[in-house]
Amino acid sequence: NPTENGVVKDTSGHGWDANFYGSSAYDASEKAITLSDGTDDYLETGKIINGYSGDIDHTFALWVKPSKLDMDDTANHYLAVLGSETAQNKWCAIAISDKHLSHVVHASIEIASDTELVPETWQHIAISYTSGGSIHSNVHMDYYIDGEKYTGSFTGGGSQYGGTSYTIDLVGPLSVRLGSLHNGTEDAASSISNFKLYDVALTAG
C-alpha cells in the first residue's frame, strides 16, 4: 500500500489512487491501512473507473486483520466495495459478516458459514466471481482463506437472496471503497493490506 502526498497509490498502472477519509490512516509498522473505530473511516478512489459494466468477472483479494469490533456482532462490515452507488444491482463487495467471509450484491449475501475469521490475526482472503449466473449464488464463486479453497457450507441471506433481479449490473464510472458502503454505513474497523481487484475470476492455480 504505497502512499504519496496523502493518497494510497494504485500500483496496477491504472491511476486509480484512493484518498483517506475520517480517521483512516496508513500504519507504516504494519504496512497496512487502519480503519480505526469503524465510523466514517474509509478510502475511496472516486468515480474514475471506466470500461466496466454489467455482470463482470472479478476477484477481490486482500490481507485483513479483523478487529474485535468487526468480530463481536452479527452485522456486515464491508472491507471492499466495487460499484457506483448503493442502488439495486449497482455494487458488489467482500465483507466480514457475523464473523465469516462473505460476498454481497445489494440485498443478497453469500456467507462462508463453516469457518470464522480469526480476530487480530493477519489472514489472506479472496473471492473470485464468474459472471453469467441468473441469480447471486455461491455456485458462481470460489472463496479462499490463507490460500486454501473454502469447501464448507454457505448461508444465504438478505431480503432479496435468490431473487433473479439481484444479479450484478454495474454502471460506470465505478469507484472502489475500502471500509464501508458508498452511503457510509456498515463500516469496518479492521486493518487491510495489499488489496487487489482483478477483472477476471482467478483460480487457485
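User: Which residue in β10 is the bridge partner of Ala 95?

Analyst: Ser 102 is the bridge partner of Ala 95 in β10. This is a predicted model, where local features need pLDDT of at least 70, side-chain atom pairs count only at pLDDT 80 or more, and totals for chains, interfaces and linings use all residues. Residues are numbered from 1 along each chain as its sequence is written, and side-chain values use heavy atoms, with hydrogens and water left out.

User: How many bridges join β9 to β10?

Analyst: Five, and the two strands run antiparallel. Strands here are DSSP runs of E with at least two residues, numbered from the N terminus, while helices are runs of H or I with at least four. Strands pair if DSSP finds at least two bridges between them. β10 covers residues 100-105.

User: What about the turn: which residue takes a positive phi?

Analyst: Asp 98, near 50°. The hairpin of β9 and β10 has two residues between the strands.

User: And β8, how many bridges join that to β9?

Analyst: Seven bridges join β8 (residues 76-83) to β9, again antiparallel.

User: Why is β9 largely enclosed?

Analyst: Because seven of its seven residues (91-97) are buried. Buried means under 20% relative accessible area, exposed over 50%, and partly exposed in between (1.4 Å probe, protein chains only). Both faces are covered. Trp 91, Ala 93, Ala 95 and Ser 97 sit on one side, with Cys 92, Ile 94 and Ile 96 on the other.

User: New topic. How many salt bridges does the structure hold?

Analyst: Six. The cut-off is a side-chain nitrogen of Lys or Arg within 4 Å of a carboxyl oxygen of Asp or Glu. One of them joins Arg 177 and Glu 44, at 2.9 Å from N to O. That pair links distant parts of the chain, 133 residues apart: Arg 177 is in β16 (175-178) and Glu 44 in β6 (42-44).

User: Are those two buried or exposed?

Analyst: Arg 177 is buried at 5% relative accessibility. Glu 44 is buried too, at 13%.

User: What does Lys 9 form a salt bridge with?

Analyst: Asp 17, with the closest N and O atoms 3.0 Å apart. Lys 9 is partly exposed, at 30%.

User: Back to strands. In what order do the seven strands of the open sheet come?

Analyst: β4-β5-β17-β7-β12-β13-β14, with antiparallel pairing. The edges are β4 (25-27) and β14 (148-149), each pairing on one side only. Five bridges join β12 to β13.
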